[in-house]
Amino acid sequence: MNALLSSSTSLCNSHILKLTSKPTSFRLSLPCNTNTTQCLGRDSLTLRIRASNNANEVDTQIAKEDRATETSNQVSSSSSAAPPAIDRDLKKVVQKTAATFAPRASTATKNPAVPGTTLYTVFEVQGYVCMLLGGALSFNLIFPSNDPDIWRLMGMWSIWMFTIPSLRARDCSKNEKEALNYLFLLVPLLNVTIPFFWKSFALVWSADTIAFFGMYAWKLGWLQKTE
């Protein structure tokens with residue numbers, strides 16, 4: 001009995017050794033499909049097309065922004081160039097009107113009232129003295145009266161009738177002449193408009209004086225900061 005068991009055991013062991021001695025190999029194979037390769041190719045081509053389209057969109061957007069910037073610059077330059085053009089046209093109109101109606105020399109000779117001469121000083125003093133006398137008449141300090149009279153009316157119009165013509169008679173600078181030309185047209189507008197709202201000789205004279213010095217400050221650059 002023992003001999004049979006030992007022989008069967010040896011046979012089993014010999015079979016096991018034979019099985020283990022044979023090399024075992026496993027092969028992992030993936031099916032190669034041409035459709036998959038074509039799909040991958042199409043996907044990569046689609047990605048490239050999308051990338052190129054995105055790049056084109058970015059370029060187009062940048063070009064639009066550049067055109068918008070150029071348009072805004074042109075608009076700003078045209079808007080900045082508009083005020084000087086309006087100012088130049090206004091100067092021409094004022095100069096032409098003042099040259100037509102304002103007092104001027106009867107001859108074409110050179111103006112003798114140049115700076116430094118006695119005539120220049122006489123015209124300048126005369127203009128500012130008339131302004132002060134007009135203020136005294138407007139405020140009813142000279143020839144006082146309870147009713148409106150010719151003296152107070154002359155005081156109200158003194159800047160336009162005496163001060164501006166006296167100062168324009170000098171050989172003054174270009175900016176001062178422009179200021180006087182503007183005042184020659186502005187003062188009558190103030191003298192006619194203000195009495196509709198407030199009937200006061202003193203108020204009209206005060207408005208004319210403020211306009212006078214305000215125009216001088218604008219045209220002669222009194223308020224500009226010196227560097």
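Predicted model: local features only at pLDDT ≥ 70, side-chain atom pairs only at ≥ 80, totals over all residues.
What order do the elements of the chain run in, starting from the N terminus?

## The overall picture

From the N terminus on, the elements go α-α-α-α-α-α-α.

The chain has 227 residues, and 22% of them are buried. Now take the contacts in the chain with a separation of 6 or more: residues 24 or more positions apart account for 69% of those.

## Helix H7, end to end

Let's zoom in on H7, which covers residues 201–220. H7 has 20 residues and reaches 28 Å from its first C-alpha to its last, close to the 28 Å expected at 1.5 Å a residue.

Both ends are worth a look. Just after the helix comes Gly221, which takes a positive phi of about 70°.

## H3 and H7 side by side

How do H3 and H7 run relative to each other, and why? Helix H3 is made of residues 118–138, and H3 packs against H7 at an angle of about 155° with the two axes 8 Å apart. Angles over 145 degrees count as roughly antiparallel, so H3 and H7 are roughly antiparallel to each other. H3 passes H7 in a left-handed crossing.

Which residues make the contact? On the H3 side you'll find Tyr128, Met131, Gly134, Gly135 and Ser138. On the H7 side there are Phe201, Ala202, Trp205, Thr209, Phe212, Phe213 and Tyr216.

## Ser138, a buried piece of H3

Pick out Ser138, which sits in helix H3. Is Ser138 buried or exposed? Its relative accessible area is 1%, and buried means under 20%, so Ser138 is buried.

The side chain of Ser138 has two backbone oxygens to find on screen. One belongs to Gly134, which the side chain reaches at 2.8 Å. The other belongs to Gly155, whose backbone oxygen lies 3.2 Å from a polar atom of the Ser138 side chain. Leaving aside neighbours within four places in sequence, Ser138 is in contact with Arg152, Gly155, Met156, Phe201, Ala202 and Trp205.

Next up is Glu176, in helix H6 (residues 174–197). Glu176 has 11% relative accessibility, so this residue counts as buried.

What does the side chain of Glu176 make a polar contact with? The partner is the side chain of Tyr216, at 2.9 Å. Tyr216 is also one of the H7 residues in the contact with H3. Not counting residues up to four places away in sequence, Glu176 touches Arg170, Tyr216 and Leu220.

## Lys91, partly exposed

Last stop: Lys91, found in helix H2, which spans residues 34–101. Its relative accessibility is 30%, so Lys91 counts as partly exposed.

Lys91 and Glu178 are 87 residues apart along the chain, while their C-alpha atoms are separated by 7.6 Å. Besides Glu178, Lys91 touches Tyr182 and Lys219, again not counting residues up to four places away in sequence.

Key: Residues numbered from 1 in each chain as written. Heavy atoms only, no water. Helix = DSSP H or I, 4+ residues; strand = E, 2+ residues; numbered from the N terminus. Expected span 1.5 Å × (residues − 1). Buried < 20%, exposed > 50% of the residue type's maximum accessible area, 1.4 Å probe, protein only. Contact = heavy atoms within 4.5 Å. Polar contact = N/O pair within 3.5 Å; in protein donor to acceptor, adjacent residues only side chain to side chain. Axes fitted to C-alpha atoms, helices over the stretch in contact; angles between N-to-C directions. Parallel < 35°, antiparallel > 145°, perpendicular 65-115°, else oblique. Left-handed = near helix turned anticlockwise from the far one by under 90°.
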